[in-house]
Amino acid sequence: MTNTKKQNPAAGRGVSGPDGNAGVCGDVFDIRRYAIHDGPGIRTTVFFKGCPLRCRWCHNPESWKAGPELGFRRSRCIKCRHCMEACEPKAISFTESGPVLDPSTCTLCGRCVAECPTGAWEIIGRKASVAQVMAEIRKDIVFYDQSGGGATFSGGEPLMQADFLVALLATCRAEGIHTAVDTTCYASPETLRRVAELTDLFLCDIKHMNSELHREQTGICNEKVLANIRMLAEAGKRIFIRVPIVPGFNSDRTNIEQTAQFIQSLQAVRRVDVLPYNRGGMEKAVRLNGGIDLMEAQIPGDGTMTEIAGIFRGYGFEVKIGG
């Protein structure tokens, strides 16, 4: 497989080519190379900052807030007070337990980060241009070619930054780089159609089939999500459905059966990934200043995951545990 150039299908539709897109900017909080769980092959995953959902099992709570924010790892703090002394707007005060941040006063100047000798303070998220992101993506083109991989745009919710996402997708397509968008599908149909024109693969979450339970644990109802997934399927887009398995929320057989029946109704969708809940987001949440309240669910055992995968396979799907 070679990385041959492809004609940009966005030309003539109001989307500029790669050169014109280079200066378009968006907010990201991480770029991970050699990712193997975010679509086929070896991939570079770009994590967009900002999400309209508030899933209480979220693995990336640092993605919720749009734009950069200050994080603090209390376990690293040696209470040297250098951060407080360096903070010109006086956003940091001290108590017996260590520094306390007033987010309303903080200007994100980064002086506390620079002065902290142990790396307890960090700025999470940054503004990045298409040119900067593409420079990272291009580093592993040889691995994409060898493995059938490419670039995955995740988050957070990449559809919240549609102009930035479309510019990246257009540039990747012009350079023959396979693209995947990992999305909640919570966006306007118009935004999704615009993104779909340039996307090779969608990784779409289905969190619960009961709309009220969905709203209780994510902050939104699921009607728009399911309608958008159906729209993508009817448009013939390639889709992998991803189902996070959160015991006590969506792991019961009734919900799994209803989810499988909905996916079966899409006809074109043949791949389902079942993703076991893990507690990684809880450690991240304590670094943030937004008062994020995540649930602590049981981690599903191998037997539970195998049983759930078996239900989906019974409906004829290709199933992967862990994405």
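**Two loop residues and two helix pairs**

The backbone nitrogen of Tyr186 lies 3.2 Å from a polar atom that belongs to the side chain of Thr184. This distance, like every other value in this briefing, comes from a predicted model. The points below begin with Thr184, which sits in the loop between β9 (178-183) and α7 (189-196), then turn to Ala66 in the loop between β2 (43-48) and β3 (69-72), and end with the packing of α6 against α7 and of α10 against α12.

**Thr184 and its surroundings**

- Thr184 has a relative accessible area of 8%, and because buried means under 20% relative accessible area, this residue counts as buried.
- When its neighbours within four places in sequence are left aside, Thr184 is in contact with Leu53, Glu157, Asp205, Lys207 and Val225.

**Ala66 and its surroundings**

- Ala66, in the loop that runs between β2 and β3, touches Lys49 and Gly50 once residues up to four places away in sequence are not counted.
- Ala66 and Met160 are 94 residues apart along the chain, and in the model their C-alpha atoms are separated by 9.1 Å.

**Helices α6 and α7**

- Two packed helices are described by the angle between their axes and by the distance between those axes.
- For helix α6 (residues 162-174) and α7, the axes come within 9 Å and cross at roughly 15°.
- Because angles under 35 degrees count as roughly parallel, α6 and α7 are described as roughly parallel to each other.
- The crossing in which α6 passes α7 is left-handed, and the contact is made by Ala162, Asp163, Leu165, Val166 and Leu169 on the side of α6, together with Thr191, Arg194 and Val195 on the side of α7.
- Sorted by class, the residues in the contact of α6 with α7 comprise 5 nonpolar, 1 polar and 2 charged.

**Helices α10 and α12**

- Helix α10 (residues 253-265) packs with helix α12 (residues 302-314) at an angle of about 35°, and the axes of these two helices are 9 Å apart.
- Where α10 passes α12, the crossing is right-handed.
- From α10, the residues Arg253, Ile256, Glu257, Thr259, Ala260 and Ile263 take part, and they meet Glu307, Ile308, Ile311 and Phe312 of α12.
- The residues of this contact between α10 and α12 divide into 6 nonpolar, 1 polar and 3 charged.

How values were computed
Residues are numbered from 1 along each chain as its sequence is written. This is a predicted model: local features need pLDDT of at least 70, side-chain atom pairs count only at pLDDT 80 or more; totals for chains, interfaces and linings use all residues. Side-chain values use heavy atoms; hydrogens and water are left out. Helices (H or I, at least four residues) and strands (E, at least two) are DSSP runs, numbered from the N terminus. Buried means under 20% relative accessible area, exposed over 50%, partly exposed in between (1.4 Å probe, protein chains only). A polar contact is a pair of N or O atoms within 3.5 Å; within protein, one must be able to donate a hydrogen and the other to accept it, and residues adjacent in sequence count only if both atoms are side-chain atoms. Contact means heavy atoms within 4.5 Å. Axes are lines fitted to C-alpha atoms, for helices over the stretch in contact, and angles run from 0 to 180 degrees between N-to-C directions. A crossing is left-handed if the near helix is turned anticlockwise from the far one by less than a right angle, and right-handed if clockwise. Ala, Val, Leu, Ile, Met, Phe, Trp, Tyr, Cys and Pro count as nonpolar, Asp, Glu, Lys and Arg as charged, and the others, Gly among them, as polar. Angles under 35 degrees count as roughly parallel, over 145 as roughly antiparallel, 65 to 115 as roughly perpendicular and the rest as oblique.
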